[in-house]
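Subject: Structure handover and notes

Hello,

Please find the structure below. My notes on it follow.

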Amino acid sequence: MEAARFSLEDLELYRLAREFRKKVYRIIKQLPRCEKYCLDPQMRRAAVSITNNIAEEHGRWHYQENMHYCRIARGSTEEVVDDLNVCEDESYGDQGLVAELKKDSATLIWKINGYINYLRNSKQGETG
């Protein structure tokens, strides 16, 4: 009999990514009107991609697939960092929040890397 799997909301990595996404949305709301069709949707897609891919990973049962989706989430986090650099370079939004988000992104990437290592070491879902 297989052990019960914990819910997505129980996953610390997912909770951290959700909080990160919420903060990114706060910066998006501060973008100037000229970024409505450029930086705004780009940041939204990247921020949502982080949590979407962690959720997708959680729904998979093979460790190789799990790691694949975590790597995508990590790449999307780096994408948000580049968008935050645009905000910083152009003085868009609360610069304290931009700095906080950049720090949060480093923590999120560290957690994603740790989870990838955990999956690699435990080889969840591997048969044979």
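A term first. A nonpolar core is a set of buried Ala, Val, Leu, Ile, Met, Phe, Trp, Tyr and Cys residues joined through side-chain atoms within 4.5 Å. Buried means under 20% relative accessible area, exposed means over 50%, and partly exposed lies in between, with a 1.4 Å probe and protein chains only.

Now the ground rules. This is a predicted model, in which local features need pLDDT of at least 70 and side-chain atom pairs count only at pLDDT 80 or more, while totals for chains, interfaces and linings use all residues. Residues are numbered from 1 along each chain as its sequence is written, and side-chain values use heavy atoms, with hydrogens and water left out.

Overall fold

The protein chain has four helices and zero strands. Helices (H or I, at least four residues) and strands (E, at least two) are DSSP runs, numbered from the N terminus. The order from the N terminus is α-α-α-α. Along its principal axes, the C-alpha trace spans about 55 × 20 × 20 Å.

Of the 128 residues in the protein chain, 38% count as buried. Its accessible surface comes to about 7500 Å², and 49% of that belongs to carbon and sulfur atoms. These areas come from the Shrake-Rupley method with a 1.4 Å probe; for residues, only the protein chains shown count as cover. Contact means heavy atoms within 4.5 Å. Among contacts with a separation of 6 or more, 74% join residues 24 or more positions apart.

The core

The largest nonpolar core has 32 residues. Val24, Met43, Ile50, Ile54, Val80 and Cys87 have the most contacts inside it. Two or more residues each come from α1, α2 (39-59), α3 and α4 (95-122). The largest share is from α4, with eight residues.

Neighbours within four places in sequence aside, Val24 is in contact with Met43, Ala47, Val80 and Leu101.

The expected span of a helix is 1.5 Å times one less than its number of residues. Helix α3 (residues 63-90) has 28 residues, so the span should be 40 Å; the end C-alpha atoms are 41 Å apart, which agrees. Ser91 follows α3, and its phi is positive, near 55°.

Helix α4 also has 28 residues. From first C-alpha to last, α4 reaches 40 Å, close to the expected 40 Å. Its buried residues are Leu97, Val98, Leu101, Ser105, Leu108, Ile109, Ile112, Tyr115, Ile116 and Leu119. Their cover includes α1, α2 and α3.

The aromatic pair

There is one aromatic pair in the structure. Tyr115 and Tyr118 form it, and they are stacked: 5.9 Å centre to centre, with 20° between the planes. Rings of Phe, Tyr and Trp (its six-membered ring) pair if their centres lie within 6.5 Å; planes under 30 degrees apart count as stacked, over 60 as edge-to-face and the rest as tilted.

Both tyrosines lie in α4, three residues apart, about one turn of the helix. An α-helix has 3.6 residues a turn, so residues three or four places apart point the same way. Tyr115 counts as buried at 12% relative accessibility. Tyr118 is partly exposed at 42%.

Cysteines

The structure holds zero disulfides. A disulfide is a pair of cysteine sulfur atoms within 2.5 Å. For Cys38, the nearest cysteine sulfur is that of Cys34, 8.9 Å away. Cys38 is exposed, with a relative accessible area of 52%. Cys87 is buried, at 0%.

Phe6 is found in the segment before α1 (12-28). At 40% relative accessibility, Phe6 counts as partly exposed. Beyond its neighbours within four places, Phe6 is in contact with Leu11 and His58. Phe6 and His58 are 52 residues apart in sequence, yet 9.4 Å apart in space, C-alpha to C-alpha.

Gln30 sits in the loop between α1 and α2. Gln30 is partly exposed, at 35% relative accessibility. Leaving out neighbours within four places, the contacts of Gln30 are Gly93, Asp94 and Leu97.

Best wishes
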